[in-house]
Amino acid sequence: MKSRDIAIVGILLAVGAILRYFLAMLHTPMTPNMVIAFYCLAIILVRPKVYEALGIGIVAGILSMLITSSIFPPGNLVSEPIGALVCFGVYALLRGRLIGAEGITTFIATIASGLTFAFIAIFIVSQPLLMKYPTMGGVESIFVLVFVPIVVITAIFNAIIVQILYFPANRVLVRGPEKGAMRGSAGDTTRGAE
């Protein structure tokens, strides 16, 4: 990865971390993760190799774990690398084939990350949750009533943010749609095609 690409990834992850910090101050059981939107945008803009995308996900997981009020912060160390890899794979499939591929990719990556985190959190801390919410009737009810709406709303929000930010960010990086399409047909055989 070029030094400029590393700088772009770092800046975007920092922005996501700052936004997550303010959302974490709400002290909800599961913090909406804005870091996902910005690591997806970084992967979409930089088009890293698959192991670089995994590295971005790991760094995002560490940031998400450190800045959270969620019920099980270490779950981010698994959910964010999975989200980054899903972003990498889905965007490789949709790029140049679908209008709004950036937003759709981010939506799917956020769903993958969020559901992974939710399953881990429920599996690890289901008993404390059941004690905290005894009237919900079980783990399945907690999952539906608490986690799924947060994950879906966060996914929609992240998708909108990435789709809006993609075009100006791509233009600033001198990677317009035409250039991006050309890279998609030629340059991608050497980058991000693992």
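# Burial, cysteines, core and patch

User: Why does Cys87 count as buried?
Analyst: Cys87 has a relative accessibility of 0%. Buried means under 20% relative accessible area, exposed over 50% and partly exposed in between, with a 1.4 Å probe and protein chains only, so Cys87 at 0% is buried.

User: What do these values rest on?
Analyst: The model is predicted, with local features needing pLDDT of at least 70 and side-chain atom pairs counting only at pLDDT 80 or more, while totals for chains, interfaces and linings use all residues. Residues are numbered from 1 along each chain as its sequence is written, and side-chain values use heavy atoms, without hydrogens and water.

User: What makes up the largest nonpolar core?
Analyst: A nonpolar core is a set of buried Ala, Val, Leu, Ile, Met, Phe, Trp, Tyr and Cys residues joined through side-chain atoms within 4.5 Å. The largest such set here has 32 residues, and Leu12, Tyr39 and Ile43 have the most contacts inside it. Two or more residues each come from helix H1 (3–24), helix H2 (34–46), helix H3 (50–66), helix H4 (76–94), H5 and H6. H2 gives the largest share, 13 residues. In soluble globular proteins, nonpolar side chains tend to be buried together.

User: Which residues is Ile43 in contact with, leaving aside neighbours within four places in sequence?
Analyst: Contact means heavy atoms within 4.5 Å. On that basis Ile43 meets Pro48, Ala53, Ile56, Ala84, Cys87 and Phe88.

User: How do you know whether Ser64 and Asn158 are buried or exposed?
Analyst: Ser64, in helix H3, has 0% relative accessibility and is therefore buried. Asn158, in helix H6, is likewise at 0% and therefore buried. Not counting residues up to four places away in sequence, Asn158 touches Asn33, Met34, Ile36, Ala37, Thr106 and Thr110. With neighbours within four places left aside, Ser64 contacts Arg20, Asn33, Val35, Asn76 and Glu80.

User: What makes the nonpolar surface patch?
Analyst: Patches are made of residues with over 30% relative accessible area and no salt bridge, where like charges are joined within 9 Å and nonpolar side chains (Val, Leu, Ile, Met, Phe, Trp, Tyr) within 5 Å. A salt bridge is a side-chain nitrogen of Lys or Arg within 4 Å of a carboxyl oxygen of Asp or Glu. Here Leu98, Ile104, Phe107, Ile108, Val152, Ile156, Ile160, Ile164 and Leu165 make a patch of about 700 Å². Helix H5 (101–132) and helix H6 (139–172) each give two or more residues to the patch, and H6 gives the largest share, 5 residues.

User: Why does Val152 count as partly exposed?
Analyst: Val152, in helix H6, has 32% relative accessibility, so it is partly exposed.

User: How many helices and strands does the chain have?
Analyst: Helices (H or I, at least four residues) and strands (E, at least two) are DSSP runs numbered from the N terminus. The chain has 7 helices and 0 strands. Buried residues make up 46% of its 194 residues.

Notes
Areas by Shrake-Rupley, 256 points an atom, 1.4 Å probe, with all protein chains shown as cover.
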